[in-house]
Amino acid sequence: MSIVQKIAEIEAEMQRTQKNKATANHLGVLKARLAKLKRELITPKGGQSAAGEGFDVAKTGDSRIGFIGFPSVGKSTLLCNLAGVYSEVAAYEFTTLTTVPGVIRYKGAKIQLLDLPGIIEGAKDGKGRGKQVIAVARTCNLILIILDVLKPLHHKRIIESEVEGFGIRLNKKPPDIYFKRKDKGGINFTKTVNQSSLDLDTVKAILSEYKIHNADITLKYDATADDLIDVIEGNRVYIPCIYVLNKIDQISIEELDVIYKIPHCVPISAHHKWNFDDLLEMIWNYLSLIRVYTKPKGQLPDYTTPVVLKSMSPTVEDFCNKLHKSIIKEFKYALVWGSSVKHNPQIVGKDHSLQDEDVIQIVKKI
């Protein structure tokens, strides 16, 4: 029996099983088995990843964005009009067969765009080139799922299930679960809040499926069996995602008002270049980048070429390392102007957190 057939069998059994406290253990074990089979499907035996010709694009710039969508929803047109890169455009399906890279500059940041080939249903089971497409998507900082505004929900559900099957979690944060394997001592299970779906027996059943009999587990919120499996697997990537609803020139204003209320969505027309400003602003917010301007001693700040950093509270040390690894060795202190300091300028050390549009001057040891 092939892996795909085993997966289908387990999914059918899960649909047949009623969800209640008596079946929680059984469902947890089935979910663990399903996760293991899906991992085998993604990474074939021998450790060889499923990379294909034209898919391994070198990472450049400050961030990387992948365009995912069904064939002929306007991915190539969007890339063409955003970045001025020619990706073959036609009215028939599967026009793009390899990854087409492009680069845009926005607010001083260099952002790489990847037009990935059209995805088809069953990609996670090895159909089409979906395996390679989603393998490239795992390396992106942001995913744009391009949908046809006339049939968005059906396509959205299929793409989400394909992407989830490859261990990509869209617009989610990593589960707040502490998990550590041990050599002995059994299962040490603690919870800081009441659990609605996980108890000690269910946790033990899931861990035994992975042949783990000694581990520390702390649940810091009301977690599910899927969250626990994600933590045990350890190969999940958590990527922000924007749903781009294309071809809005084919719908009415009333329908457009409804679409605007959907979370993580931005309606555009790639062909007519409508609403690109909103799309770029949303991309900037989801990428969580900040700009820091440099100020040479005795000169005005250079506002033309900012240093772009990831905004997970970047420090002065991160800024120095982005310029050159040797700067931090000669670092004495820094002068900072901007919203991250109380006085302008303020003397700070290497652990000071920077904010968007700060101006910084590095002072080296003599």
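## Report on the predicted model

Glu357 is placed in the loop between S15 and S16. The structure described here is a predicted model. With a relative accessible area of 42%, Glu357 counts as partly exposed, because buried means under 20% and exposed means over 50%. Once neighbours within four places in sequence are set aside, Glu357 is in contact with Arg291 and Tyr293. Its C-alpha atom is separated by 8.4 Å from that of Pro306, a residue 51 places away along the chain.

**Salt bridges**

The whole structure contains 15 salt bridges.

| Salt bridge | N to O distance |
|---|---|
| Lys36 and Glu209 | 3.7 Å |
| Glu160 and Lys156 | 3.3 Å |
| Arg291 and Asp356 | 3.0 Å |

Arg291, already named as a contact of Glu357, forms a salt bridge with Asp356. Arg291 belongs to strand S12 (residues 289-294), while Asp356 sits in the loop between S15 and strand S16 (358-364), so this pair ties together parts that are 65 residues apart in sequence. Arg291 is buried, at a relative accessible area of 10%, whereas Asp356 is partly exposed, at 30%.

In general, an α-helix has 3.6 residues a turn, so residues three or four places apart point the same way.

Salt bridges also form a network, which links Glu164, Arg169, Lys172, Asp230 and Arg236.

**Helix H1**

Helix H1 (residues 3-16) has 14 residues and reaches 20 Å from its first C-alpha to its last, close to the 20 Å expected at 1.5 Å a residue. Its buried residues are Ile7, Ile10 and Met14. Seen down the helix axis, these buried residues fall within an arc of 65 degrees, so they line one face of H1. The face turned away from this buried side carries the exposed residues Gln15 and Arg16.

**Cysteines**

A search of the whole structure for disulfides finds 0. Cys80 counts as partly exposed, at 25% relative accessibility, whereas Cys140 counts as buried, at 6%.

**Confidence**

For the protein chain the mean pLDDT is 83, and 88% of the residues reach 70 or more. Confidence is lowest in helix H4 (residues 130-137), with a mean of 72, and highest in strand S15 (residues 346-348), at 93. Over residues 49-54 the pLDDT stays under 50, and the model has 9 contacts beyond four places in sequence for this stretch. Residues 86-96 likewise have a pLDDT below 50, with 26 contacts in the model beyond near neighbours in sequence. Where pLDDT is low, the predicted coordinates should not be read in detail.

Terms used:
Residues are numbered from 1 along each chain as its sequence is written. This is a predicted model: local features need pLDDT of at least 70, side-chain atom pairs count only at pLDDT 80 or more; totals for chains, interfaces and linings use all residues. Side-chain values use heavy atoms; hydrogens and water are left out. Helices (H or I, at least four residues) and strands (E, at least two) are DSSP runs, numbered from the N terminus. The expected span of a helix is 1.5 Å times one less than its number of residues. Buried means under 20% relative accessible area, exposed over 50%, partly exposed in between (1.4 Å probe, protein chains only). The arc is that of the directions from the helix axis to the C-beta atoms. pLDDT is the predictor's confidence in each residue, from 0 to 100. Contact means heavy atoms within 4.5 Å. A disulfide is a pair of cysteine sulfur atoms within 2.5 Å. A salt bridge is a side-chain nitrogen of Lys or Arg within 4 Å of a carboxyl oxygen of Asp or Glu.
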